[in-house]
Amino acid sequence: MMKRVFIKDKAELIERNKGHKTEVFTEELIKELPELLKKYLRVCGYINAPVPVNADVHWSESWLKMSPGKDWGKLHTTQFNSVKPIARVAYMKFLTMPVAARDLYRDGYGEMNGKLLNLIKVAFDNSKEVAQSALITTFCEFMLIPGYLLLDNVKWEQTDNYSVRGTLTDNGIEVSGTFYFDEEGLFTHFETFDRYFTTGKNSYKKVKFSVIVDGYKTQDRIKISEQVKVMWNLPEGDFEYYKGTIDKIEFNVF
């Protein structure tokens, strides 16, 4: 059932993507971007490649840790990102227990829904805090699917030689974060203070949130992120709760 919901969400987004023509990355098209973002697009080989309006992100392996004291649980993760409109839907299924979840951000709405045996609700939240957090999750993936970089509703400011701050507004939700790059121009990590950490039922607090990219691979002459780690930077220490390896990114899926 959760998988069917994911497939339906994805199909609806693909239908909406069809209204947007596919452009090609050129120096003219990216001229308004900060130098660091231009360098990233050049280094990764995106110039003269089609600008993504959506993407399937295929994970060869992924792991989730439910809380700091818990063990890692192996997942099957399937993910789809839409650029126009800004949206993200992911289906995650534990390989070691009969629990599946679907995460969604679309049109200012966020939802996290987890079920046991596709029947029993084990987690559900569609609060405004979840919507903002789901938008942040999409934002931190802007370098994975660089069509996002050209959107009118994101403002960029290069803060130094290795970082760019972005502010994204979508359906009345505004979030900010900083994207960091290495000397070569490759994206290395993202940090924000705009994501909510769940402290209890209907209880949240903003906590520093980070995504780290460890390594790149070449796919059709384009460099894509390979190893990814996602963590909360809690006062008592970092809580890494998701990690995975990207197998491939399939752009412009119709």
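This is a predicted model: local features need pLDDT of at least 70, side-chain atom pairs count only at pLDDT 80 or more; totals for chains, interfaces and linings use all residues.
Student: How many bridges join β8 to β9, and how do the strands run?
Tutor: Strand β8, residues 163–170, is joined to β9 by eight bridges, and the two run antiparallel. They form a hairpin with two residues between them, and in that turn N171 has a positive phi of about 50°.

Student: And on to β10, which residue of β10 does Y180 stand opposite?
Tutor: Y180 stands opposite H189 in β10, within an antiparallel pairing of β9 with residues 187–192 that extends over four bridges. This hairpin has five residues between its strands, and G185 takes a positive phi near 105°.

Student: Is β9 mostly covered or mostly open?
Tutor: Strand β9, residues 173–181, is mostly covered, with seven of its nine residues buried.

Student: Switching to α3, what end-to-end distance should it span?
Tutor: Helix α3 covers residues 128–139, and at 1.5 Å a residue its 12 residues should span 16 Å, which agrees with the 16 Å between its end C-alpha atoms. The helix is also mostly covered, since 11 of its 12 residues are buried, including V130, L135, I136 and F139.

Student: Why does F139 count as buried, and what does its ring pair with?
Tutor: F139 counts as buried because its relative accessibility is 0%, under the 20% cut-off. There are 20 aromatic pairs by the ring-pair rule, and in one of them the ring centres of F139 and F190 lie 5.8 Å apart with the planes at 75°, so that pair is edge-to-face. Because F139 lies in helix α3 and F190 in strand β10, the pair ties together parts that are 51 residues apart in sequence.

Student: What is the geometry between F179 and F190?
Tutor: F179 and F190 form a tilted pair, 4.7 Å centre to centre with 55° between the planes, and this pair links strand β9 to strand β10, with the two residues 11 apart. F139, F179 and F190 are among the members of one aromatic cluster, which also includes Y40, F142 and W156.

Student: How many residues are in the largest nonpolar core?
Tutor: The largest nonpolar core has 63 residues, and F139, F142 and F179 are among those with the most contacts inside it. Strand β14, residues 222–234, gives the most to this core, with six residues.

How values were computed: Residues are numbered from 1 along each chain as its sequence is written. Side-chain values use heavy atoms; hydrogens and water are left out. The expected span of a helix is 1.5 Å times one less than its number of residues. Buried means under 20% relative accessible area, exposed over 50%, partly exposed in between (1.4 Å probe, protein chains only). A nonpolar core is a set of buried Ala, Val, Leu, Ile, Met, Phe, Trp, Tyr and Cys residues joined through side-chain atoms within 4.5 Å. Two strands pair if DSSP finds at least two bridges between them. Rings of Phe, Tyr and Trp (its six-membered ring) pair if their centres lie within 6.5 Å; planes under 30 degrees apart count as stacked, over 60 as edge-to-face and the rest as tilted.
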